[in-house]
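Here's a quick briefing for anyone meeting this structure for the first time.

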Amino acid sequence: MQTVEIGGHKRAIRFSYLALKEICNDCKLKLSQISKLGTEIEHIGIITYYGLKYGAKKNGEKFLYKIKDVEEWLDNEDFSKVNEIFEAFEFDQPEKKTK
């Protein structure tokens, strides 16, 4: 599992089935539209929030934050942090099989 330093702490980040389900619901996207994630600015906070929430869950840690908290953490970071989040998201996706 990947980690990201954000909000003053190193935190686990994981994009499990339930994380993807909640991301798609909050972004109002179908799974087949997942390539559209990140096309709207609001998606960044949502993706980060659920990745951190399910990373904490996997580690047995409580995650008592809201999306607004995570957006504040992102606002206090270099924009390169967004790239780090998306790299973790891509890392957790199943590889496409080629024929």
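Contact here means heavy atoms within 4.5 Å. With that in hand, V4 is in contact with H9, K10, R11, I13, L52, K81, E84 and I85, once its neighbours within four places in sequence are left aside. This is a predicted model, so local features need pLDDT of at least 70 and side-chain atom pairs count only at pLDDT 80 or more, while totals for chains, interfaces and linings use all residues. Residues are numbered from 1 along each chain as its sequence is written, and side-chain values use heavy atoms, with hydrogens and water left out.

**Helices α1 and α2**

- Helices and strands are DSSP runs numbered from the N terminus (H or I and at least four residues for helices, E and at least two for strands).
- Helix α1 covers residues 17-27 and helix α2 covers residues 41-58; they pack at an angle of about 155°, with axes 9 Å apart.
- The axes are lines fitted to C-alpha atoms, for helices over the stretch in contact, and the angles run from 0 to 180 degrees between N-to-C directions.
- That makes α1 and α2 roughly antiparallel to each other; the cut-offs are under 35 degrees for roughly parallel, over 145 for roughly antiparallel, 65 to 115 for roughly perpendicular, and oblique for the rest.
- On the α1 side, the contact uses L18, A19, E22, I23, D26 and C27, and on the α2 side H43, I46, I47, Y50, K53, Y54 and K57.
- Sorted by class, the contact of α1 with α2 has eight nonpolar, one polar and four charged residues. Nonpolar covers Ala, Val, Leu, Ile, Met, Phe, Trp, Tyr, Cys and Pro, charged covers Asp, Glu, Lys and Arg, and polar covers the others, Gly among them.
- Between these two helices you'll find a loop, and K28 is in it.
- K28 has a phi near 55°, which is a positive value in a residue other than glycine.
- K28 counts as exposed, at 72% relative accessibility. For these labels, buried is under 20% relative accessible area, exposed is over 50%, and partly exposed is in between, using a 1.4 Å probe and protein chains only.

- The axes of α2 and α3 cross at roughly 110° and come within 9 Å, so the two helices are roughly perpendicular to each other.
- I44, G45, I46, T48, Y49 and L52 of α2 meet I67, V70, E71, W73 and L74 of α3.
- In the contact of α2 with α3, eight residues are nonpolar, two are polar and one is charged.
- With α4, α2 packs at an angle of about 55°, and the axes are 10 Å apart; the pair is therefore oblique.
- Here I44, I47 and T48 of α2 touch V82, I85, F86 and F89 of α4.
- The contact of α2 with α4 has six nonpolar residues, one polar and no charged.

**The nonpolar core**

- The largest nonpolar core has 26 residues, and I23 and L52 have the most contacts inside it. Such a core is a set of buried Ala, Val, Leu, Ile, Met, Phe, Trp, Tyr and Cys residues joined through side-chain atoms within 4.5 Å.
- β1 (2-6), α1, α2, α3 (67-75) and α4 (80-91) each supply at least two residues of this core.
- The largest share, eight residues, comes from α2.
- Setting aside residues up to four places away in sequence, I23 touches F15, L37, I46, I47 and Y50.

- V4 sits in strand β1 and is buried, with a relative accessible area of 2%.
- V4 and E84 are 80 residues apart along the chain, yet their C-alpha atoms are separated by 7.4 Å.
- I85 lies in helix α4, where it is buried with a relative accessible area of 1%.
- Beyond residues up to four places away in sequence, I85 touches V4, I13, F15, I47 and T48.
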